[in-house]
Structures are given as structure tokens and as C-alpha cells.
Amino acid sequence: MKNRIDHKMASTRKTNLTFINQNSPWRLIVPAIGLVAFFTGVLVFEDTSFGKLLQPAGMLLTFLPYFIPFKFKNTVRYSKKGLHVKLDRGSTKAFRFSQIKYLEAFDKYLLVWKNKKKSVKLDVSAYNKEDVNRLIDLMQPAAVPAAQETY
């Protein structure tokens, strides 16, 4: 009987969303360090065992920031221009901030309106309310600057 209760409690647990800021400086610094390490291994330490270790380590550092988002299932990657939402229950949705005209939030889903007739439905019923509110906050300011520029 106890296993059934634990199972029910586990099924009501909400999943966290992982937010990745694409504008972070580490996304440029880490690949730059990787390229320096790789070329140092190739040009300076070419025939040594240290050079043979430095080359693959440099290549790994070069591509590491691009591989990290593929590890997570529930991610929101955002930059200055837009965001990509990759949810466990569906495919990846990409939004430019200039495309988002209106956002409606319901308990189980979000409706993102691109124009008066076209909307995209995001099922957020399995995610923490705090993470969903952060996603809404990321999407909201996009429409505000566009509306202010028209005045």
C-alpha cells in the first residue's frame, strides 16, 4: 500500500524547466579557451604526450557550450532576439520577440499569439508554477518595446 501512495505522490511532482541564457559571456570564453588549447597542443606540443591530451581537451571545450542544451529535456534557451522552448511533451518551439503579439496564460497551457489568427499552444501542466511564471516573464517584455516604439 505504501508504494502506491509514493507512486501517486511522484506522479503529482512537477518538473523543473532549465533556463539557458544564450548571451552569457561563458558561451564565448569557453570556446576561445578551447581553441587556444587546441592550437597550443598542435603547434607547440605537437609530438609530446601533453600535446596529445591538450588537442582533444581543446576541441571538447570548443564545442561544449553547444552540446549542453541537448542534455536537458525541458529547456528554455533565450537571447536578445528570441527564445526556444523545448518541452518534454512536444517538439521545440522557437519564438522571436518581435513575433509575439499577445500571450494568454491558463492553468494547463499558454497561448502565444503571433497574429490575430495564428497562435501556438504550449502545454505547461507538468511544470512548476515558478518556472512557468519565469517563462511568461521572458515572453512578456518582448511585446512592450514594440508597442512603445509606435508612439
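The protein chain holds four helices and seven strands, and from the N terminus on these elements follow one another in the order α-β-α-α-β-β-β-β-β-β-α. The model described here is a predicted one. Of the 151 residues in the protein chain, 28% count as buried, and among the contacts between residues at least 6 apart in sequence, 48% join residues that are at least 24 apart.

**The pair of helices α2 and α3**

- Helix α2, which covers residues 26-43, and helix α3, which covers residues 49-71, have axes that come within 7 Å and cross at roughly 160°.
- Since angles over 145 degrees count as roughly antiparallel, α2 and α3 are therefore roughly antiparallel to each other.
- On the α2 side, the contact is made by Trp 26, Arg 27, Val 30, Pro 31, Ile 33, Gly 34, Leu 35, Ala 37, Phe 38, Thr 40, Gly 41 and Val 42, while on the α3 side it is made by Gly 51, Leu 54, Gln 55, Gly 58, Met 59, Leu 61, Thr 62, Pro 65, Tyr 66 and Ile 68.

- Asp 131 lies in helix α4, which is formed by residues 129-149.
- Although Asp 131 is buried, it has no salt bridge, and the nearest side chain of opposite charge, that of Arg 134, is 6.0 Å away.
- That distance can be set against the cut-off for a salt bridge, which asks for a side-chain nitrogen of Lys or Arg within 4 Å of a carboxyl oxygen of Asp or Glu.
- Leaving aside residues up to four places away in sequence, Asp 131 touches Thr 15, Asn 16, Leu 17 and Phe 19.

**Val 112 and Ile 100**

- Val 112 is found in strand β6, which is made up of residues 109-113, and this valine, Val 112, is buried with a relative accessible area of 0%.
- When residues up to four places away in sequence are not counted, Val 112 touches Phe 95, Ile 100, Tyr 102, Leu 103, Lys 118, Ser 119, Val 120, Leu 122 and Met 139.
- Ile 100, one of the residues that Val 112 touches, has its place in the loop between β4 (92-96) and β5 (102-105), and at 4% relative accessibility Ile 100 counts as buried.
- Val 112 and Lys 101 are eleven residues apart in sequence, with their C-alpha atoms 7.7 Å apart in space.
- Ile 100 and Trp 113 are 13 residues apart in sequence, and from C-alpha to C-alpha they are 6.0 Å apart in space.

- Ser 24 is found in the loop between β1 (18-21) and α2.
- With a relative accessible area of 17%, Ser 24 is buried, because the term applies to residues under 20% relative accessible area.
- The C-alpha atoms of Ser 24 and Ser 79 are separated by 8.9 Å, although these two serines are 55 residues apart along the chain.

Key
Residues numbered from 1 in each chain as written. Predicted model: local features only at pLDDT ≥ 70, side-chain atom pairs only at ≥ 80, totals over all residues. Heavy atoms only, no water. Helix = DSSP H or I, 4+ residues; strand = E, 2+ residues; numbered from the N terminus. Buried < 20%, exposed > 50% of the residue type's maximum accessible area, 1.4 Å probe, protein only. Lys, Arg positive; Asp, Glu negative; His and termini not counted. Contact = heavy atoms within 4.5 Å. Axes fitted to C-alpha atoms, helices over the stretch in contact; angles between N-to-C directions. Parallel < 35°, antiparallel > 145°, perpendicular 65-115°, else oblique.
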